[in-house]
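Keep the structure open beside you as you read.

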Amino acid sequence: MTHISHYPPVCNALEADNGALRDAILYHLQYSCGSTKKEATQGELARAVMLAVRDLLTERMLATEKRYQQHNAKRLYYLSMEFHLGRTLGNVLANLGLTTLLARTMEELGVDLEEIREQESDGALGTGGLARLAACFLDSLATLDMPGFGYGLKYQFGLFRQELVQGYQKELPGRWDTEHNPWLISRPDEVFAIPMYGRVEPSRGRNNRYAPVWQDQKFVLGIPHDMPIAGAGGKTVNTLRLFSARSADAFDIQIFTANDYFQAIRHQLFSESVSKMLYPSDVDDQSLEMRLKQEYFLVACTIQDIMKKYLKTGGEISNFAQNTAIQLNDTNPALAIAELMRCLVDEHQLDWDNSWDITRATCAYTSHTLVPEAYEKWPVQLFEKVLPRHLQIIYEINHRFLHEVRLRYPDDENAPTRMSLIEETGGRQLNMAHLAIIGSHSVNGVAGLHSQLLRDNVFPDFADMFPERFSNKTNGVTQRRWLYKANPPLANLITSAIGNEWIIRAETLSRLDEFAADSQFQKQFAETRNHNKRSLADHIMRVTGLVINPDSLFDVQIKRVHEYKRQLLHLLYIIHCYRAIIEDGEPPQVPRTHIFAGKAAPGDPAAKLIIKLINNIGQVINRDTRTRDMLKVVMLPDFGVSLAEKIIPAADLSEQISMAGTEASGTGNMKLAMNGALTIGTRDGSNIEIMEEVGADNFFTFGLDADTIEELRTENSYNAWDYYADNPLIRRAVDCLDSDMFCQEEPGLFRDIFASLMYEGDYFFHLADLESYIDTQQQVNELYTHPASWRKKAILNIARSGKFSSDRTVMEYAETIWQLKPVV
Ligand code: Z16
């Protein structure tokens, strides 16, 4: 099914002459770092290594571009405000097949490669799954030899680094060095000038054509920086292009010297703030304006860049859509639709209808959420101030669209109000999802259930009017980072059993099916797991000082902390177990270590309090001698790609317990299943599909389904007190939050959580699902006491996880949305 033919990698040529890599490293140590082998710091060595590896990528990147031009290939631009790359070195080495060679080279140089790799910090230009998905897609696109390019922003400060201070989340600047990042190739000569603010003058242009002129703008300059993205085998190297903002004045000596010097510097600060940091969206007006500028900046730089490249290679505007696909990652880059219209109508003097056809044929939109607040809306007033011309264009789009709506639904007088781009209730606002749907030829969700809910509940009017636009593309993750690179012991075992084809064809993992019950294979599988669990135990010891039992069941919940993901449900279960031990003298059947990791949004006090609760429960339980080796609770700080790569290979149980109907897809669930963890999960997001693939026997599911919850909600018939009254075990667990059992030093600290459950309607149905969850956890314990049965199911999870490769996802997008073909 996949198109890749060249694995193992082409650059094994280097093997023949391993002096070349060493020489390149020494060269960069001297000429790029200005150092010597004797004097070099670890940081300089790491930089020299990365630059030497980058040279290999640069050659391939240029060759790839040449190949694309020769084929006049259609290109995909993946627009995203966020990309979560993690570390790059290990991934490049894995994809190029250079890990062993570099290890040997470093040994010759007397340097520990592991230490070098630890020098690199995570490229965390994003918050959650959406950002990591984008990075997985880039890996798959390159592996599939497809001309697909990421477009994003080079934030000076990406996602914050998380520390835990007295159990509270503390936010610190991230460590990814964007100024001197060895992977990035800066291109200051390809600068783009981006207009903002100003006003629009109606005027008559050529041929007496109405030609509005946007003038008196402020300009911000966009500078591209390219990150090479190497696919498996290393034949194709695409790029992720990140823009940074610069002041226009800095380039204009005139302004700088003639006018007020300090005024000029102030303007510089104003401009550069555009890519300063990943602005949170849930915030005050000033940040809102920054966020709008930032989203526009990405979109405008990208469209200019695409156009310039397209015209330079001889493309005709009328064929633009045949040669270009733009994928909008959530609503953040939806402004691309208005900007492309502006570019075609204002700058290329194309007529409206043609421009609109081109725009729609080019753009496609992915929604990643069911959380209503995540759908962006811009106050019209703010929008008009920053982007006056775009507002006009959006009015015109809306005017024409509502005309169609009236023709189509003559008897439904509210249809135009419901579907308008401009919401009139609660202050006038632009609805960016509506713009994204109207201006695209494709709208997709990220898992089967999610796509269905989008059609039925979120955008029913649009699904009725444009049924052919809506589709599903279930997410996937790259097995190269998440299994091959993250879990070498297991990867080697798999390869020894079924060969290495799975690295580029994940569906061949199914060959493992026949090994699932094989006692020899099971034994080897158990060894890899033990090894990984011991490494994680060591890491936990180093980071937290806590000694955990590596033979206990590792029960893992790692993801953003948010009420809908229900870390609280997991905690209520832990409290339940704790009280069973200390009050009922009932030790659990199997010892467990509960491992949490995740960040809360800085502006989300409820999520932050949950983090504190995890830590406090850990404090109390871990030091209570009555629980001894049976129960431990760990929270590891600073969740991100690198930490996930440590935890996932060691996980026995994967917690995917969001309230059904809230998690669009989830992708951590896929990574964990692919590494042989069993899932305990609700029927939500892609859990449903994982269960279908691996088989209900090999998956623990519990809780109410999305339909039932929706029903209870509309009927208003759910009452947490019923569950509290009916089940003394539930009451005993929940009551702890009203008491000071876990907050002796800060009495009353968790009463708000109790109140949200008991007095504020338990919006996420914790109590409704708790009993079913506890019962299912009991089945987990049961199974864990039968290691052979457990291992068999774990191996079957790996064997049947092929569907969840992002290679499959990307091929689906390529075939049905982008019309994108491999170029070899
Ligand atoms: C995000 O990470 C996601 C959705 C969203 O609107 C914004 C952000 Cl930052 C996540 C979804 O929550 C998750 O279910 C999904 O798997 C992921 O996007 C990738 O599609």
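Which residues in H3 meet which residues in H4? On the H3 side they are Met50, Val53, Leu56 and Leu57, and on the H4 side they are Leu89, Val92 and Leu96. By class, this contact has seven nonpolar residues, with no polar and no charged ones. Please keep in mind that you are looking at a predicted model.

**Two helix pairs**

H3 covers residues 42-70 and H4 covers residues 89-96; they pack at an angle of about 45°. Since angles from 65 to 115 degrees count as roughly perpendicular and those under 35 as roughly parallel, H3 is therefore oblique to H4. Now turn to H10 (residues 285-312) and H12 (residues 336-347), which also pack at about 45°. H10 and H12 are therefore oblique to each other as well. The table sets out both pairs.

| Pair | Angle | Axes apart | Crossing |
|---|---|---|---|
| H3 and H4 | about 45° | 11 Å | left-handed |
| H10 and H12 | about 45° | 9 Å | right-handed |

Where do H10 and H12 meet? Val299, Ala300, Thr302, Ile303 and Met307 come from H10, while Ala336, Glu339, Leu340 and Cys343 come from H12. By class, the contact of H10 with H12 has seven nonpolar residues, one polar and one charged.

Next, find H33, at residues 787-799. Its 13 residues, at 1.5 Å a residue, should span 18 Å, and the end C-alpha atoms are 18 Å apart, so the two values agree. H33 is mostly covered, with 10 of its 13 residues buried. Among them are Trp790, Arg791, Lys792 and Lys793, along with Ile795, Leu796 and Ile798. What do the buried residues of H33 pack against? Their partners are the helices H22 (519-544), H26 (668-674), H27 (687-694) and H32 (766-784), together with strand S24 (678-681).

H34 (residues 806-818) tells another story: a straight helix of 13 residues would span 18 Å, but H34 spans only 16 Å between its end C-alpha atoms. Its buried residues include Asp807, Val810, Met811, Tyr813, Ile817 and Trp818. Part of their cover comes from helix H7 (129-143) and from strands S1 (75-79), S13 (324-329) and S14 (363-366).

Note on methods. Residues are numbered from 1 along each chain as its sequence is written. This is a predicted model: local features need pLDDT of at least 70, side-chain atom pairs count only at pLDDT 80 or more; totals for chains, interfaces and linings use all residues. Axes are lines fitted to C-alpha atoms, for helices over the stretch in contact, and angles run from 0 to 180 degrees between N-to-C directions. Helices (H or I, at least four residues) and strands (E, at least two) are DSSP runs, numbered from the N terminus. Angles under 35 degrees count as roughly parallel, over 145 as roughly antiparallel, 65 to 115 as roughly perpendicular and the rest as oblique. A crossing is left-handed if the near helix is turned anticlockwise from the far one by less than a right angle, and right-handed if clockwise. Two residues are in contact if their C-beta atoms, placed from the backbone, lie within 7 Å. Ala, Val, Leu, Ile, Met, Phe, Trp, Tyr, Cys and Pro count as nonpolar, Asp, Glu, Lys and Arg as charged, and the others, Gly among them, as polar. The expected span of a helix is 1.5 Å times one less than its number of residues. A residue is buried if 20 or more other C-beta atoms lie within 10 Å of its own, exposed if 12 or fewer, and partly exposed in between; C-beta atoms are placed from the backbone.
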